[in-house]
Amino acid sequence: MDKRAANLKNCVLVAALLPLVFLAVRSYLGELTANPIEYVSQATGWWTLCFLSITLAITPIRKLFKFQWIFPLRRLFGLIAFSYACVHLATWVVLDQFFDFESMLLDIKDRPYITIGMSAFVITSILAYISRKSIRLALGSQRWVHIHRLIYVIAILGVTHFYLIVKRDTTEPLVFAAIIAVLLAARFIARQKK
Amino acid sequence: MKYLLPKIKENEVTSRDLFENRREWLKIMGALSVSSAIAPATLWAAASRKLGPLEKSLYSTSEEATAFKDVTRYNNFYEFGTGKEDPVKFADSLKTDGWKISVGGEVAKPTVFDMDQLLKKFPLEERIYRLRCVEAWSMVIPWVGFPLHKLIQAVEPTGSAKYVEFVTLHDPEQMPGQRSPILEWPYREGLRLDEALHPLTILSVGIFGEVLPNQNGAPIRLVVPWKYGFKSAKSIVQINLTETQPKTAWNLANSREYGFYSNVNPAVNHPRWSQRKERRIGEFRKRETLPFNGYGEWVASLYSGMDLEKFF
């Protein structure tokens, strides 16, 4: 692999870990508010959407500025987003529910925002799995690309999940919705142009 | 309903450590500047005046009170921002000096009270209550206050009085959150007259034996422990006896999600999240939510025959 590309990937990876480092520091300092589980849950979810948005922005940026070097970062950011989704889910399973699987299954069934969140996670896991080189080669690039367009579904599900859980102040979910709408529109326009 | 307060044995609800720490805290506050212009928000917002003597109450729970720092740094008070830590940061702009509460409407003796008059007229009690937020977290808070029914009886409601309306201060200068229409301002709440006259319902002027910090709804607020927390209106300036059911802030914001009664009820879910369980602040595992927040033995009779799913 090109040395610069490898260094760039390492920098991105280290930077992507910083939010978790900050959470750990805040935890040590006791600065996770009176409801730390809620705080961590909200923060990890927010970062998942953040990295998902960055992932979706890679291709439009590459096309717009002709930054070919950015291409290898797409998979990396996608996997970082998936990792944060895993941490977000783990927060729910371990900290919030403490392995109460009966309660969790009921929630997945009855609470729309959890149904939506869980669906988004399942699709994300599938995409994370098929991003592996061996699977990609086995599928062939046509099929791989088609399946990977599910990222648009993940983005919409993710923002909806956030919007549904917010009590009243919908500013943040709506900002994410706007960003993702722009990123999806950019792709749609690009495809029309072809 | 007349209730006579029996003499009850000393009930240690806040650990000695906490009280000792707060004495240190007050010493530090005294050593630092007294001027509000210099003292940072968190110090200024902290309680600085002791209230007493306080009568104990049969209605207090024996559960351990939530930590003072959690009670005063984790608040839903949208008048100061929608973040949980916004009120402690921004509530120092609230000026409680010279606060007046006008009590009127369907009453024979409409009166405007100031805080000194209220404190002289109505002996203070310690009421240690559970408070359950609609967001499914809860606390145990040692309130200082007096039963609302004493105030209502003092102004002599007429036969037309069926409800009580509570109005919070409306002043975007002091309450920067009111500059955005996140809720309809001023914040309004309401109770049915029998709920307002119930001995559990109090007007609170303090917590942990001291004057209310701004972020907790200073200088005077409502506490209705068997209902979701948003019913317990803060920083009250008006109390009106009305004939018709009052409009309430959260019901106006979303009538499908926040009803007039909003009794704590694990059997009636919020449309978007479950009310079966709650997180007691300071605890790890979630708890089962109790009907009427555990106050059913005293309040269930108010709702006998009422469909609590319809009147949520």
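A salt bridge is taken here as a side-chain nitrogen of Lys or Arg within 4 Å of a carboxyl oxygen of Asp or Glu. By this rule the count between chain A and chain B is four salt bridges. In one of them, the side chain of A:Lys167 meets that of B:Glu135, with an N to O distance of 3.1 Å. The structure is a predicted model, in which local features need pLDDT of at least 70 and side-chain atom pairs count only at pLDDT 80 or more, while totals for chains, interfaces and linings use all residues. Residues are numbered from 1 along each chain as its sequence is written, chains are lettered from A and ligands numbered from 1 in the order in which they are written, and side-chain values use heavy atoms, with hydrogens and water left out.

The interface was also described by contacts and by area. Contact means heavy atoms within 4.5 Å; 21 residues of chain A are in contact with 27 residues of chain B. The size of an interface is often given as the accessible area lost when the parts come together. Buried area is accordingly the accessible area (1.4 Å probe) that two parts lose on being put together, summed over both. Chain A and chain B bury about 2,100 Å² between them, and 50% of this area is on carbon and sulfur atoms. Of the area that chain A buries against chain B, 37% is supplied by A:Ala34, A:Lys167 and A:Arg168, more than by any other three residues.

Polar contacts are pairs of N or O atoms within 3.5 Å; within protein, one atom must be able to donate a hydrogen and the other to accept it, and residues adjacent in sequence count only if both atoms are side-chain atoms. Eleven residue pairs, both residues at pLDDT 80 or more, are in polar contact across the interface of chain A and chain B. Helices (H or I, at least four residues) and strands (E, at least two) are DSSP runs, numbered from the N terminus. On the side of chain A that touches chain B, the elements that give two or more residues are helix 2 (36-65), helix 3 (72-96) and helix 8 (150-165) of chain A. By class, this side has ten nonpolar, four polar and seven charged residues, where Ala, Val, Leu, Ile, Met, Phe, Trp, Tyr, Cys and Pro count as nonpolar, Asp, Glu, Lys and Arg as charged, and the others, Gly among them, as polar.

Chain A has nine helices and zero strands. Its C-alpha trace spans about 50 × 35 × 35 Å along the principal axes. The radius of gyration is taken over C-alpha atoms, and the globule rule is 2.2 Å times the number of residues to the power 0.38. For 194 residues, a compact globule would have a value near 16 Å, with which the 18 Å of chain A agrees. A residue is buried under 20% relative accessible area, exposed over 50% and partly exposed in between (1.4 Å probe, protein chains only). Buried residues make up 40% of the 194 residues in chain A. Among contacts in chain A between residues at least 6 apart in sequence, 64% join residues at least 24 apart.

Most residues other than glycine have a negative phi, and most peptide bonds are trans. A:Thr33, in the loop between helix 1 (3-29) and helix 2 of chain A, has a positive phi of about 65° although it is not a glycine. In chain B, phi of B:Ala136 is near 75°. B:Ala136 lies in the loop between strand 3 (125-132) and strand 4 (137-147) of chain B and is buried, at 12% relative accessibility. The peptide bond from B:Gly52 to B:Pro53 is cis, with omega near -5°, as is the bond from B:Ala218 to B:Pro219, also with omega near -5°.

B:Pro53 is in the loop between helix 2 and helix 3 of chain B. B:Thr61 is likewise placed between helix 2 (41-45) and helix 3 (68-71) of chain B. B:Thr61 is buried, at 10% relative accessible area, and its side chain makes a polar contact of 2.9 Å with the side chain of B:Glu63.

B:Ser262 lies in the loop between helix 8 (249-253) and strand 11 (277-280) of chain B and is buried at 5% relative accessibility. B:Asn263, in the loop between helix 8 and strand 11 of chain B, is buried at 8%. The side chain of B:Asn263 makes a polar contact with that of B:Trp226 (3.3 Å).
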